[in-house]
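Here are my notes on this model, in the order I'd go through them. Have it open alongside.

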Amino acid sequence: MSEYVLEMTGVCKSFPGVKALDHAQLKLRPGKVHALMGENGAGKSTLMKCMFGIYKMDEGQIKIDGEPVVIQDPMDALHKGIAMVHQELQPIPARTVGENIFLGRYPLKKLFGFIPFIDHKKMYADTAELLKKVRMNFDPKQKVGELSVSQMQSVEIAKAVSANCRVLILDEPTSSLTSNEVEALFRIIEDLKAENVAIVYISHKMDEILRIGDDVTIMRDGKYIGTWEAKDLTVDKIITQMVGRELTNLYPPRENVPGEVVFEVKDFTSINPRSFRDINFQLRKGEILGVGGLVGAQRTELMEGLFGIRSHSKGQIFYKGKEMKISRPKDAIDQGIALLTEDRRGSGIMGVLSVADNISISSLNNYLDFGFLINGKKVENLVQENVKKMNIKTPSSKTQIKSLSGGNQQKVLIGRWLANNPDVLILDEPTRGIDVGAKYEIYLLMNKLVEAGKSIIMISSELPEVLGMCDRLVVLSGGEKAGELSREEASAEAVMRLAIKN
C-alpha cells in the first residue's frame, strides 16, 4: 500500500502558444494539508484541473493508492474521491442550499414502485447533517443567493464532504473571507484532517501556509521546484523558491514628494443611510493615499460613490479647485478618474474577449478614423505598448483574458485605465489573489505613475501593504472617517485603534 493517497508525476499540459505544465508532480499524504504555491502563471490551477478532470494531460500519470488511474471528467473525479472548491465560486443563486449540494446526484425514490422522482425530505435531512459537519447551521432550504461568500464556500465544502472525498482541493479559499470566517474554515480543515482527508491548499498568504500546512510544494513556470515540510520553511525561503530570486524589500522605495492638493471630497454621504457618511479628505499630486478599515467600513462603497456607481445624497468633489459633477461612471471617466474594481472577475475583465479588447475597450473613441472606423493598427500599438510596459505575460494580444493568471489580468485592467490617461486612479484591492512577484511589479508601476504626477487612492485589506506603499492613510469605521495618519504616524496599532472606533 502506497504512503500517498494520490500521486501525480511527469504531468505536461500545453495550450496554444504556452506550455502550462512541464513535468510537474505532486504527492499527497492522507490527513495532511499540502500547500501548493507559486507565482501567478506557475501552473498551480492547471495542475489541479488536470487532477479534477477538467483538463486532459498531454503526458503524465495519476495514481490513487499506488494504482494508475485515468480521470475522465469532474464527475469521474468525484466518484474516485476527489473534490474541488474553486476560487471563483459558481453556485446557482436561485436554488436552495440542498439543491446546490446534491446537484446532479439527487436522492431518488419511486412513485408507484417504478416512477423515479427526487426525495426532497431525504435531501434536506442529509443537507442538515452535512452542514452540521462543516459547522454551519443555516437552513438547508435557504436560497444560496441569500448567503454570504463564506457561507457559499461552506456549501461547496459540504458538497465535497457529501461525496465522501479523500482528496479536497481548496483554491484560494480565504481570498474573500474575514478573519473570523478564516478561523471557521481552519476548524473545518482540522476536522477533515482527522478523517484522513488529504487537502490541497492553494494560497498566496504565507502566514496561513505556515500555520496550517504540513507539506509545501512550490512550482515555477509550470515546473516542479520541490517539496518541503512546512515546519522547515520561512516566508523568505518560500519567496526565494517561488520567484527564483531574493526579494530584499517587499515594497520598492519612492523618491518623489507629493505636491499640491488636486482632488478634494467634502461631506460626501451615501443615499443609503447605513453606508458612508460625511466623508472629507484631500489627495495631493503624486501621492498614494491609503484607505484603511475593517470589513464593513464602507471603503469600496465610498469609492464606487465617487466614481458614480452608487448614488449620494449630499457632498462635493473638487479637482484642482473646480467642482466635479459625477452621477454615473462616464462622468468620472470623462473628468479623468479611473476605478480598478475590487472584484476582478465579476466587474473587471470580460473573460471571453481578448487581451487587446480588454485593454482598449474604454478608449476606442481615441482610435477612430472618420469618426466611426476603428483603426486596428493604432489599437494594436496601444496594446503592445501596455504589454511591454507592464510586463504582461500572454501568448498574444488575441488570447482570451480569462486564460491569463490573476496577476496578468490585473495588469491588463490597469492598462485599460491608463489608456485613458487619467489623473486620479482609484485602486480597490489591486493585489488581491496575486503572488509576491506580480505584487512587486504592480507596486513599481504605482510608483512610476505617482512620479509622473498621477494621484492614487488605494484600498487594501492587507495592512502591511497599506503601511508600506502609502504616503498618508485615511481610516474608515462604520461608514465614517475615524481619522487620518501620516506615513510617520501610521502603524498597525494606530490603524486598528481607529478602525474599531465606531
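1. Salt bridges first: a search of the whole structure turns up 24 of them, counting a side-chain nitrogen of Lys or Arg within 4 Å of a carboxyl oxygen of Asp or Glu. Bear in mind that this is a predicted model, where local features need pLDDT of at least 70, side-chain atom pairs count only at pLDDT 80 or more, and totals for chains, interfaces and linings use all residues. Residues are numbered from 1 along each chain as its sequence is written, and side-chain values use heavy atoms, with hydrogens and water left out.

2. Take Arg166 and Asp65, whose closest N and O atoms are 2.8 Å apart. Helices (H or I, at least four residues) and strands (E, at least two) are DSSP runs, numbered from the N terminus.

3. Asp331 pairs with Arg328 in a salt bridge, at 3.4 Å between the closest N and O atoms. Asp331 counts as buried because its relative accessibility is 16%, while Arg328, at 46%, is partly exposed (buried is under 20% relative accessible area, exposed over 50%, partly exposed in between; 1.4 Å probe, protein chains only).

4. Within helix 10 (residues 329-334), Asp334 and Lys330 are four residues apart, about one turn. They form a salt bridge too, with closest N and O atoms 2.8 Å apart.

5. Finally, look at the network of salt bridges linking Glu287, Arg472, Lys481 and Glu484.
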